[in-house]
Amino acid sequence: MSIECRLKTVRPNFSLDVDLSISLKGITAIFGPSGSGKTTLLRALAGLEKNNGYLKVGEVIWESESHFLPTHLRSIGYVFQEPSLFQHLSVRGNIEYGYKRSKISNQSVMEKAIELLQIDHLLNRKADELSGGERQRVAIARALSCAPGILLMDEPLASLGEKHKKEILPFLELLHAKLDIPIIYVTHSVDEAAYLADQLILLDKGRVSASGEIAEMLTRLDLTLSHGERAASLIQAIVGDYDENYKLTYIDFSGGQFTVPRKQLSKGDRVRIRIEARDVSLTIHQQSETSILNILPVIVDEIADEGDAQVLVKLRVGNDLLLSCITRKSAQQLDLKVGKKLYAQIKSVALLS
Amino acid sequence: MLNEFDLSALIVTLKLAAVSTAILLLLGTPLAWWLSRTHCKLKALLEALIALPLVLPPTVLGFYLLIALGSNGPLGQISQWISGQPLAFTFAGLVVGSVIYSLPFVVQPLQNAFSSIGSRPIEVAATLGATPVDRFFTVALPLARTGFVTAAVLGFAHTVGEFGVVLMIGGSIPGETQVLSIAIYDHVEALEYGNAHWLAGGLLLASFITLVVVYSLNRRFSLFRGSE
């Protein structure tokens, strides 16, 4: 299932002009700087803003020249930037509001949402007696309780402090893992996108500048995402054996195995690994006398300049991609060329789950 | 003490205020809702029209109402066609006058209350599957409840206190159109200061108590609640 969307809005200081297909699987992040039209696009999908355009979700046409399906008839859940709970209702009243109006939802959907977001102890409280993080959890449960076909989230973490952000992220990940609801997630944080998204749509000045699979998008050298201090690649992997002797966990992926010092992982779990470009160095021969554990055979895929003194190298490792940021001098000494086989030494890997 | 005429004036006044307030809330609610949501160009025009009774001398309003409600006026003729008599110098005529005269006192607090809700709760309700009518009754109305208390009290009190308009279109018929404010005037004219004291003092006390109640209620249901 997918969303076909052609929308055009012209306003005094802003225009949105997109033509895209969003696959309704997993989490799709709409990423861009503020003012790029992310929220406008999301609001248009929800029918909160009228545009001239065409919008088809699955087999159903939501918008065309002659037709506009109003918001309350669209099978969506919407989580706003601010929790926006109804002040005149209790937490339970808020959650039941959507559930009572949904034709397809049932008690178990609502109970599952309450359980998933761990808010059962808050049900009888008033909205203004909750902390910021709790409020946003209630807002997410409220959106889920009407059993929506798509969950639209507009920077649900942006209004929260660092502490509450960390509180909510695991819940979002849980939604991804436990529920079969496609999510469209608007964000201006690469970290959130890397943490959660499967697909990434890049929006800039109201236009789609690129879109695709997250790991690929993060390593595309023609996009700004792969440049700068925090440039990193993302690898999907599966937890393997645990080495009791050294207290190390092995994590398997298409290009080999990572070794990480971490215990509480259960074998077979899917994890995301984020590797920063500056933590990856390159050698011609496989080093054996080194403290670095994670050494992988790689093939140079693409090279691009990163400032005056450095180059960014995109590497293929199995079916996955790595980024390495090295000096131009090193690149010359190693005689880097597309297709050259090397070894990547990875100083540190971050587990995102 | 209150004599028989004073008592009937009190009853007429309360009846007039209650009926007018009910009609005002029914009329004012959709009007205020529309005004709080619209970007229509006619908005300023309509707002000015509604606010007119705030600045006009009641006698001006009363004069035009007298003409409109009289047997040659448009409203008077409609009424004559329906009930056989014009509206001027009847209780129904007083209700029409009161509704127009007190309209800004009801519409403005309601409009403010609806505006202060903002569009967000309404949008949230829409994304949760609520139809426009459903959104209005289950979200907008409960969130605007302080506005309704203020509007009802102001509408009621302002109708009780009206004098100029009633003087022009009411005609002081005991039991029909003689209200308290007119009764006080009549007592003073007749130099019956004792009776005037009873009525005037009673109104003063009642108004004061009402306002104290409204202000303390408004504090409890503060509009500024919920901001972080």
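Begin by selecting the two domains of chain A: there, 8 residues of domain 1 are in contact with 12 residues of domain 2. The model on display is a predicted one.

Which helix gives the most to the side of domain 1 of chain A that touches domain 2 of chain A? Select residues 214-218 of chain A: this is helix α7, and it provides 4 residues to that side. The residues on this side of domain 1 of chain A divide into 5 nonpolar, 2 polar and 1 charged.

Next, remain in chain A and select residues 91-101 and 132-144, which are helices α2 and α4. Two packed helices are described by the angle between their axes and the distance between the axes. Here, α2(A) and α4(A) pack at an angle of about 30°, and their axes are 7 Å apart. Angles under 35 degrees count as roughly parallel, and α2(A) and α4(A) are therefore roughly parallel to each other. To view their contact, display Val91(A), Asn94(A), Ile95(A), Tyr97(A) and Gly98(A) on α2(A), together with Val138(A), Ala141(A), Arg142(A) and Ala143(A) on α4(A). The residues of this contact divide into 6 nonpolar, 2 polar and 1 charged.

The next stop is strand β20 of chain A, residues 341-346, which pairs with strand β16 of chain A, residues 280-283, in the antiparallel sense over 4 bridges. Strand β17 of chain A, residues 294-306, also pairs with β20(A) in the antiparallel sense, over 6 bridges. Now select Tyr343(A) in β20(A). This residue is the bridge partner of Thr283(A), and Pro297(A) also stands opposite Tyr343(A).

Then turn to the contact between the chains, which takes 19 residues from chain A and 15 residues from chain B. On chain B, the elements that give two or more residues to the side touching chain A are α6 (120-127) and α7 (132-143). Of the elements on this side, α6(B) gives the most, with 6 residues. The residues of this side of chain B divide into 8 nonpolar, 4 polar and 3 charged.

Finally, select helix α10 of chain B, residues 180-189. Which residues of this helix are buried? They are Leu180(B), Ser181(B), Ile182(B), Ala183(B), Ile184(B) and His187(B). Just after α10(B), select Leu191(B), which takes a positive phi of about 60°.

Key
Residues numbered from 1 in each chain as written. Chains lettered and ligands numbered in written order. Predicted model: local features only at pLDDT ≥ 70, side-chain atom pairs only at ≥ 80, totals over all residues. Contact = placed C-beta atoms within 7 Å. Nonpolar A, V, L, I, M, F, W, Y, C, P; charged D, E, K, R; others polar. Pairing = 2+ DSSP bridges. Buried ≥ 20, exposed ≤ 12 C-beta atoms within 10 Å, placed from the backbone. Axes fitted to C-alpha atoms, helices over the stretch in contact; angles between N-to-C directions. Parallel < 35°, antiparallel > 145°, perpendicular 65-115°, else oblique.
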